[in-house]
Each structure stands twice: as structure tokens, then as C-alpha cells.
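Welcome! Open your viewer, bring up the model, and we will walk through it together, one selection at a time.

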Amino acid sequence: MNRRQMLQASAAVPTLALLPACASTDAPMTEPVAPLTPPVARIEPKTIEQLGRTRVDNYAWLKDENWQAVMRDPTLLQPEIRSYLDAENAYREQVMAPTAALQERLYQEMRGRTKEDDSSVPAPDGPWEYYRRFETGAQHPKYARRPRGSEGPEQVLLDVDAQAQGKTFYKVISAQHSPDHTMLAYAVDEQGSEIYTVYVKDLASGATLPASIANCTGDFAWAPDSSLIFWTFRDDNGRPAKIYRRLARGGEDTLVYDEPDDGFFLGVGPTESREFMLITAGNGSQSEYYTIPASNLTAAPTLFSAREEDLLYTPTHWNGRWYVLTNADNAVDFKVMTAEPGRTARANWREFLPHQEGRYILGLGAAKDYLVRVERSNALPQIVIHHRGGDEHAIALTEQAYNLEMAGGYEFDTTNLRYVYESPTTPMQWFDYDMAARTQVLRKTQEIPSRHNPADYLTGRFFATSSDGKRIPITVLFKRGTPLNGTAPLLLYGYGSYGISMDADFSIRRFSLVDRGWIYAIAHVRGGSEMGFGWFQDGRRFKKKNTFSDFITVAEELIGAGYGRAGNIVAQGGSAGGLLMGAIANMRPDLWAGVIGQVPFIDVLNTMSDTSLPLTPPEWPEWGNPLEDAEAYDYIASYCPYTNINAKAYPAMLSTGGLTDPRVTYWEPAKWAAKLRPHTTSGRPVLLKINMGAGHAGSAGRFEFLREVAHDYAFAIKAVGSEEAGGPF
């Protein structure tokens, strides 16, 4: 799958005065407020027989059997389900009503740290520089360009904010100009369901061409000569299943590649050398590539190297040959091989950079004279630059915890490398690094309008030790002067799946907690890749429980070091991190004041048994296949959060989702809340928040999204009993 990262802006503002805990004694008397009554989901037992095992799901009815149609048109949702979700939203709003003023303060603080009239650093390409910018008050950006090396005149290529007016949801996931600079293609989602339509604009006239491309995944690419667009077809179950091409200005679609395995996802794009188009097919355990030469774009794709079980590889074209990043031959943290043109099968690969345990090579990039790699050691990344002459050097950094990413560019014949640096205390900085001169220029520092002084905060990296002896990294952020005696509330964030690293980045949002005396911590648990690819392998399939035990170990380490105390910690995670939240709530409810599961993948057993869902077959390598493997069934059943809800004193629980989410479908968080509520014995609330007009990533507008964050943080603040939130639940 393609993984997209959203750049975050961030900073801090002075702590606001707390609201009084109660009204003054001379306030008028009010009538007692009736206790709030939560919705009760009806029970309709559904018995499921599978591999000789039987399970009963009382809330399966919350899944609309016509869910594919609902993704395209939310008004088609069954009335009974809509009524139940509306009732849950209304109940949550009642429970959270005492935090309304707090939510508004949190929102205004975060918005105050956002530079509203912001702009990206222009990226040069031939005669133009391309960038995107926001205007004050705008939810969405403008895509624009100007003559290279000039301050103007600007040409606006696409005004997303104008196009989004009057729409409940509108998101442009990708906008790419053609290599000849005459056209712009962009992919739009208008439901939050990740069903995209690609449009093409003629930049001379400003007109949108009449032939759009429907049923896309949002993944498309220009041919190097601008004559064609290659795009990825999305089938009815949401899978990227076929690659097509069409003439850039419209015409018939031609099938280029049809993937026979519904467990593989597809993608397409040019090599950085612009000499080939690459088609990629793969899942979390296998990959396979096909090449099409730029000199013959209508040629049939040529297999690079056949897929093999547990073999991952990614080819990069550079210096007249192929450089292949791979885990072949038990290279757990990956190595780099070379292959000659026309001889790219695995048997012909030759070693270029050997495997080194503990040095996880994340990816390769190429410029005319330089091969660049990003690697991670001891949970911290670095960029290494290799010259075609053979020498190489690294861009060195010194903070205890930071994040580093290549920002990419359009040009191949260049010595310039753009990268982004940030840390939990340091706002994002964009650098242009001259790979030949080994000098750099700071092009931009993220501006915080309400001001931010990094010296006011402390960040650190230390380790907890798991029961099996693994060192689990922990990143902490807090304000100077915050007591480390267990009295400060703690928010502990975790993910731990798919090999995705939770990097030590900068976020404007966190400071609304930290400035209130909170400690913010990230648990870099197994299932991610912070400590190498083996860290990922040690937290997947039959080792998945390591993810959960690591998170609990981190919490206990933080408690022992004075960063928190049991019952005063809020745990937070989203998507597969929501699975983590469900598991740790079941395992150690005593540790948490509250648990926030954002679009939580909570019903693992049922979801991994439903082949109609977009992510099920491709994710069997991650979780196991409970339809065919009894051992996988039993292991998933032993930890699946939804399956293992039992009577116990759960903390305050918040489950969020999006009605049109194709990744974690709305019924997972809804079923979680429905089942939790009759089982909890603590008297603390179980809340459900379903965004009825958005999908997996929440609201599309940058300020609308901040309101969602403000809601979740207000829940956390109330969960620990703060008077600013009107006291405890």
C-alpha cells in the first residue's frame, strides 16, 4: 500500500487560566439535571461457524450489507443504523457538553499556532517553480507556480478552497503538473471514501478537460514525455486491482496490467531517471515490479523479478543500471544489490551494499551523480549520500530525538537535495543541501504566529526493557518545570503495525496538553520499525502480542521514572494503533484514566474473515488468515479486542470513526462501543463519535481537523479529572 504522511505544523502558547470548578455561591439555583442515558444497541446474535470453531457476534447488524454503495453515497445507509449512530453522537455531545468552552480554547490555541497564509518552499522544475499556499481563513490550499528564480507573476493552477465551497467533504490527494508544463492532473475525493476522480486541466486556457477518470485509487502518474497518464483502477471492494493508461488529453483507456492476486495492491510511477515507468504489486511480505521503457510507452510491461514468498525488493534506476533494495538472503534490515539492464531477475543480482544488522535501510533516491539512501540506526534516521565515484558521506545531526525526511523534487540533473528536519521541540526546517559542495541553506523554518521557544521545553529518548529483554524506545516531551514525581498527567501514544515508525516529529497540537502541565510520550513498540525491520517482524502475526505488552511495559517504566502514575494516564492510538488501544484496555484497565481509539481496527477476527473488505486479503501476511489457518484463528481470537471484552472496570473510553472510511469501516468503532458499555463496571462513560461526512483521515479542511483534535484532547483532560474540563466524568 502507498503510505502518505501529512506534514504537521506546531508550537505553543501561554497557558490559559483555568475555568472555575463551579458557579459562585450567589449564582441562581438551577433544576437538577437528569442523568444522561446512553443508547442501548439491540442484541441480534449472529452465529459464525469457521474452521470448526463457533463465535457469536451480537452487533453484526451494525454493518450495512450494502456498505460499498454507502461509501459512494452516505444517504443510502440503512435508517436503523443511521438512527443508532445519530443517537450515539447525541449522547456523546451531551456527556462532553461541559467541555465546550475548553474545546473552543484548545481549537483557538492550535489555530493560533498555525500560520494561516502559509506556503511551501518552491520546487524548481525547468522554467518554473511549483508550490502550494494557503490564504488566511482558507481550509484548503492553492496550487501555483511562478517563473524560476522570480517572485512572480504567480499562476494559480488549482484553487482547492474555491472548489470545496458548499461541499461536506472535498479533498485533493494529489496534484501533478505534466513534465512539459502544459497540463495539471489532480485526484479528488468527495465522500471521504477514498474513491477518487482524476481531472486534467489545460494550463494555457485554464479549462478542465471533459474526460475525467473515475473509480481511481488516487494513484496516477504522467509519462515522462507527457503523452500519457497511467492510473490505478479501484474495484468494488476498494482494491487497487488494475493499471490503465490513456492519452493525456482524453481518449480510450487501455489495460496495462491486471493483478490476478486479490491480496496484492498496485501502484505506478516513473523512475527518477525518467527512463522507465514502474508498476509495483505487493503486500507486506512480497513485492514484484514491472518496467516499461520511456522510449516505448505502449510496450507490454516487463517483469523485473518474480515474486517470492517473504521477498521484498524495490528497484531504483541510476547510473545506467538498477539498484535493488531488498531483504533477500535473510537481510533482515535490508541491503542493496545491483542488476544490469535486461538481466534483472534475482539470480543476476550482485551485492553493492551488504546487510548490516541494526542499520535499517528505509529507501533509495537518485540524482544524476548521486545515489541517496535513508537509514535508521538505534531508532534515529540519517541521510547518506553516495557519489558515482564511490565516496559517500552522511548528513550528521545531534539531538537526542528527531525526525528527518527527504522532501523530494522534480529534477534529476541536480546536486541539490532538499530535506526536512524536526524534533518534538524544534519546528520543521526545510534545507537545501548541495551534495557536491557539502553545504546547506536553510530555506524555511515553520512559523508559529503565537510564538514558540524551543528552550521552554525538554525532549528525551530513553528505553524500557521488556520481559524478553528487548529495549523499547520511548520519546518524551514536556515543559521545563513540569514535576517528574508522578503528579503530571501523561498522554501515551502508540501504533506498532505494518513496520510504520512513529518518528520524533514536531506537532503544534501536542503543546495544548504540554502547556497545561502534561507529559506527552510516544511508545516505539514492536510492530513498527524504529529499531529495524526485525522490530516489525517481532510484532506481527504470531508475535502480535509483543506490541501490547511493550506498550504496557513502557507505561510502567514511565510510572517508575516519575512521568506518570496509574489511573492518571490517557492512552491514544489510531487505526492499527486503535487495535493496540483495545488490547491494552482489556489487559490493564487499571493503568488508564482514559483510552482514545481513533478509527480503531478493533474487530480483527471478523474483519480478517471478510474477504469483501478492501484490506483483508492483502493484510493476511500481517495478521494471519483465520479463514484457512486454525492456528491463526486461535491466535487472533486470543487478543482481538472486540472478542475479548469482559466485565471489568474499564476507564473512560472514546471510540471515533468515519461513515465512509474504507480502511477501518464505521461498524468497527460502533460495535466496540456497543459491546463495551454493558460490560464496564467502572461507571465511566463509553463514548462513540462517528463523523457522518468523512472517512479514515477525518475532516478534509485543516481547521475542521483541528476541531476534531480539540474534542479528543478535551476528552483526555476530562478523563484525568481536570477542573478546566468541569471535573471528572
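## A guided tour

Start with the sulfur atoms: a search of the whole structure turns up zero disulfides, a disulfide being a pair of cysteine sulfur atoms within 2.5 Å. This is a predicted model, in which local features need pLDDT of at least 70, side-chain atom pairs count only at pLDDT 80 or more, and totals for chains, interfaces and linings use all residues. Residues are numbered from 1 along each chain as its sequence is written, and side-chain values use heavy atoms, with hydrogens and water left out.

Now select Cys-216, which is buried at a relative accessible area of 1%. Cys-640 is buried too, at 0%. Buried means under 20% relative accessible area, exposed over 50%, and partly exposed in between (1.4 Å probe, protein chains only).

Next, select Leu-85, Leu-492, Phe-551, Leu-558 and Trp-592: these have the most contacts inside the largest nonpolar core, which has 115 residues. Helix 13 (residues 702-719) gives the most to this core, with ten residues. Such a core is a set of buried Ala, Val, Leu, Ile, Met, Phe, Trp, Tyr and Cys residues joined through side-chain atoms within 4.5 Å.

Stay on Leu-85 and show its surroundings. Beyond its neighbours within four places in sequence, its contacts (heavy atoms within 4.5 Å) include Leu-77, Leu-659 and Tyr-666.

Finally, zoom out and colour by secondary structure to see 13 helices and 37 strands, which are DSSP runs (H or I, at least four residues; E, at least two) numbered from the N terminus. Buried residues make up 59% of the 729 residues in the chain.
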